[in-house]
2 protein chains.
Amino acid sequence: MPKQAIVLLSGGLDSTTTLYYALNKGYQCQALIFDYGQRHRRELRSAVAVASGVKVPYQILKIKLPWQGSSLLNKKQKIPTKGVGRGIPSTYVPARNTIFLSFALSFAEASGAEAIFIGANSIDYSGYPDCRPEFYRAFQKIIQTGTRAKKIKIITPLIKMTKVEIIKLGRRLKAPLDLTWSCYQGGKVPCGVCDSCRIREQGMKVTALS
Amino acid sequence: MPKQAIVLLSGGLDSTTTLYYALNKGYQCQALIFDYGQRHRRELRSAVAVASGVKVPYQILKIKLPWQGSSLLNKKQKIPTKGVGRGIPSTYVPARNTIFLSFALSFAEASGAEAIFIGANSIDYSGYPDCRPEFYRAFQKIIQTGTRAKKIKIITPLIKMTKVEIIKLGRRLKAPLDLTWSCYQGGKVPCGVCDSCRIREQGMKVTALS
């Protein structure tokens, strides 16, 4: 029987590349997609298109974070558009990746999957603390101490790659990057000025030139 | 301003005692209650009665675990009734406390609370891995590495107490133990033979005699 994995899929460039990476490594994948009140809910359509396109079964989990605490959830706040700064931006969603991973862990344990893939990146990123390697090492300890399965591995293939390297990897794996959605604003077309648009476009520009 | 805390409240004896413990320590508390498909959904009524009785604001979060993986969620499975055994019983819900804590962490971070209280116990318990001290130490690392707040503390006042000690503490704090619900079966009256009933009744019997 092939190795089983749960892949966290947002519909963005990184998670899509991660899904293709996992498939390429021979994992039989199931995708987990979260509808958590993000203002760029539009990314869900991309996630579904990506999973469907490669015939990966997916589930959309709807969760509520009534306390918000992020400009990515609260439409009364403005999304920063002046370029990626230092520190943690207002788009950071408190404990989001901990929540996503905990559901993935429950799913992995219940279904017998041996790995959880997440496309976190700590190089060309928005500065979220839950995108850094030390967080994923800590989560691995959660699995060892708090579950029956104990041996499920968190795999973060992109964690130390630049955006350019991620885009190149995605193209090499024939991931449908054109289907993906990155913009935090979630309008009809990407705004081009939020952190996520800027990081993506910078990467696209460089890879187009190389 | 008083110290703020999030308290995970199931409606059982342990979490109710924990809520009273936190209040007694001077924390201004908010309770988080989960409707996660548990067959003893009846415990939610107890949780609401307990929180309301002490005028603690509460939120009920509805979450879905479509993969189940537990006799506490899947009504086609039987709840074990032959007494607390060794090992992890079928009532264990994969990653449940990781999920609960991750929401509590998000709430704490968004609201500025400095502590999360959970009534986990590793002495008179059903053998769940996510009720042991090493799991909570690991989760503390999640907070340090994966959040902006960093300093939120997980507090597990009951973790090394016997059920008798918990009941005595609850009574001393005037917690309304008669309102609480423990039975896994979730029928009209407690079944008396599931692990949770057995542990509770044993404790009640001993404290009645002492």
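The expected span of a helix is 1.5 Å times one less than its number of residues. The structure is a predicted model, in which local features need pLDDT of at least 70 and side-chain atom pairs count only at pLDDT 80 or more, while totals for chains, interfaces and linings use all residues. Residues are numbered from 1 along each chain as its sequence is written, and chains are lettered from A in the order in which they are written.

Consider first α3(B). This helix has 16 residues and reaches 23 Å from its first C-alpha to its last, close to the 22 Å expected. Of its 16 residues, 14 are buried, meaning that 20 or more other C-beta atoms, placed from the backbone, lie within 10 Å of a residue's own. After the helix comes B:Gly112, with a positive phi near 80 degrees.

Two residues are in contact if their C-beta atoms, placed from the backbone, lie within 7 Å. By this criterion, 37 residues of chain B meet 37 residues of chain A. On the side of chain B that touches chain A, β3, α3 and α4 of chain B each supply at least two residues, and α3(B) gives the most, with 11.

Technical notes: Helix = DSSP H or I, 4+ residues; strand = E, 2+ residues; numbered from the N terminus. Buried ≥ 20, exposed ≤ 12 C-beta atoms within 10 Å, placed from the backbone.
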